[in-house]
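Reader: Hello! Could you walk me through this structure and show me how to read its features?

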Protein chains: 2
Amino acid sequence: MDNLEYAQEGRTELGHLGEFALIDRLTDDFPRKNKSTVKGVGDDCAVLGTGKKKTVVTTDMLVEGVHFDMMYTPLKHLGYKAVAISISDVAAMNAVPKQILVSIAVSNRYSVEALEELYAGIRLCCERYDVDLVGGDTATSRTGLIINVTAIGEVDQERITYRSGAQLHDLICVSGDLGSAYAGLLILEREKVTYQANPNFKPDLDSYDYVLERFLKPEPRMDIVKWLAEKEVVPTSMIDVSDGLASELLHICKQSHCGCEVYEEHIPIDYQTSRVCSEMSQNMLPISNALNGGEDYELLFTIQQSDYEKIKDSKEVHIIGHITEEGTPAVLVTPQNTTIQLVAQGWQHNE
Amino acid sequence: MDNLEYAQEGRTELGHLGEFALIDRLTDDFPRKNKSTVKGVGDDCAVLGTGKKKTVVTTDMLVEGVHFDMMYTPLKHLGYKAVAISISDVAAMNAVPKQILVSIAVSNRYSVEALEELYAGIRLCCERYDVDLVGGDTATSRTGLIINVTAIGEVDQERITYRSGAQLHDLICVSGDLGSAYAGLLILEREKVTYQANPNFKPDLDSYDYVLERFLKPEPRMDIVKWLAEKEVVPTSMIDVSDGLASELLHICKQSHCGCEVYEEHIPIDYQTSRVCSEMSQNMLPISNALNGGEDYELLFTIQQSDYEKIKDSKEVHIIGHITEEGTPAVLVTPQNTTIQLVAQGWQHNE
């Protein structure tokens, strides 16, 4: 009766494919039947609708022990982060979030009061970004907590930004700074190990406040979406930085059929991130953190060179490089003027 | 550091609240900020949009070991069912499904080929109901398989059916038959026990084909939604039967501020369902199955008496009772003319 039996022969382990190759393989031959489906799988959001105002939709699942560790994740922060992550995908389409639906599965290890903490965080993020909670599902799980957030947003058709629109010579921009969320995770993992060895240990986390907040309570960059609208700039392509800068640049290059050059000295890294790296190991370079750390939820986008004047004075947006022609690789140019080809190391969840 | 500690004092166990009371408690004080949010939490779908054409959205999470048992659930059927369940919620709003997003979390017990089977079922259901798969997420789980489906549909504003619109003297109708999915589950659980005792045992399931299909591969009643449109009938209220007839009638009565009477002899029960009940136990009544079994995914709706002529000849829709005034209970009238007050026993997952 066990229908998993057939999987014994000719079995391909999930680890043999990356997440993106797996999604491609599973969803490749789905037909598209409805004219209201403008864009399906393959960007930060799907794009729906037949009018000039489009609807964007995204869904994200977070699993305890894979995406978050209850040892150091306050439930209120977790609720906030689950919503923030989904809103970040909406922001990456240059859209404004309007509604979310939240499904949770919980084991009886969690009390009603614990779930109220989770929902207090969900509510806080909804209030901050003017989003309505409009639905959801509550299920039992055998182990731990699973949260799925679907976010819905709106955008005028002429302002939608896909990953596929970057053009030769476009400038590559990124908001905020990179690698800080991963630095926060490194600190939390270090303190966890110390605490497990000695439960009387009281961690001193004050001097890591910035990187910890970046990891535990990220903010989607809706301020950048608003600022782009004010400056009357429509990026030619955009993606949010969830898996690390290298992975996201490769998505844009692949989908826009181009290469890119980014300059190491222009990649924004906070001093606290650099300090954490040097504390952790002599060999841990802040630039590796920025390229491969992930969970920054900053916006990476490209603009036409003619828009340079409109954005050059921003303190929050950094021009890190430019798009090169089809057939060229995506490379990092070091201060010594050597080039290193980018590979998608992606985000290693803390397993 | 463990933030679950606070839950030790003043802890309320999840089991102390039912699912619906828990959702109320968690989502009660969320403000609504967007005019495009027409209806939030509390119906089969949320209703969104500012024009005459509305968007409906629903989300459902299925957890291995809680909602399905891999011992007897073919992955292709599971994929089909996950989509069918969400489409059924769209149908319950009198809407037409257009897109879905599917998130999955899987442990490495599953191979790529196993997930391809799951997606073959998802694709089959999408093709059958003209739905586009437009997005999703793929995550790792520690144990087993979790599937979350978000379904999006469309409906003209004047055809939306909420749970709250039933009026005094309206006729109560239900499609198909009830209790058969639960009968199918009972058979599968019985065969599982036998198989576990003797792995050489080959179950003979041929004579249970109808009830097994009802459980393993339910069909959302989009045919009824289409038929209602053809007959130019807009139900005054509608809900899909996922938790058993009793629970759904109580939802309609609560939200429409009314009572109801349904007649035992008019409740549609298939002969195979009755046979399974008598096989299982002398004390198992088919009517209890219909009231409390769940997972039927039939449509329960109310119509004005003036629409009676339009629907009376349907073989697929059964008039089972009528709405009574506010303050009266929801009751079952037996063939002996005694009345039994309905209680929401709900759907007991096979734990």
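Author: Gladly! Let's begin with contacts: two residues are in contact if their C-beta atoms, placed from the backbone, lie within 7 Å. In chain A, among contacts between residues at least 6 apart in sequence, 83% join residues at least 24 apart. This is a predicted model, in which local features need pLDDT of at least 70 and side-chain atom pairs count only at pLDDT 80 or more, while totals for chains, interfaces and linings use all residues. Residues are numbered from 1 along each chain as its sequence is written, and chains are lettered from A and ligands numbered from 1 in the order in which they are written.

Reader: What share of the residues of chain A count as buried?

Author: A residue is buried if 20 or more other C-beta atoms lie within 10 Å of its own, exposed if 12 or fewer, and partly exposed in between, with C-beta atoms placed from the backbone. By that rule, 52% of the 351 residues of chain A are buried.

Reader: How do I read the radius of gyration of chain A?

Author: It is taken over C-alpha atoms, and the globule rule is 2.2 Å times the number of residues to the power 0.38. For 351 residues, a compact globule would have a value near 20 Å, and the 21 Å of chain A agrees with that. The C-alpha atoms of chain A fill a box of roughly 55 × 55 × 50 Å along the principal axes.

Reader: Into which domains is chain A divided?

Author: Domain bounds come from an automatic or database domain assignment. Here they give domain 1 (35–159) and domain 2 (171–341) of chain A. Each of these two domains of chain A puts 18 residues into their contact. Helices (H or I, at least four residues) and strands (E, at least two) are DSSP runs, numbered from the N terminus. On the side of domain 1 of chain A that touches domain 2 of chain A, helix α2 (residues 75–91) supplies the largest share, nine residues.

Reader: How many residues of chain A are in contact with chain B?

Author: 84 residues of chain A are in contact with 84 residues of chain B. Among the elements of chain A that each supply at least two residues to that side are α1 (19–27), β3 (53–63) and α3 (112–128).

Reader: Why do the copies meet through the same surface?

Author: They do so because 100% of the interface residues of chain A are also interface residues in chain B.
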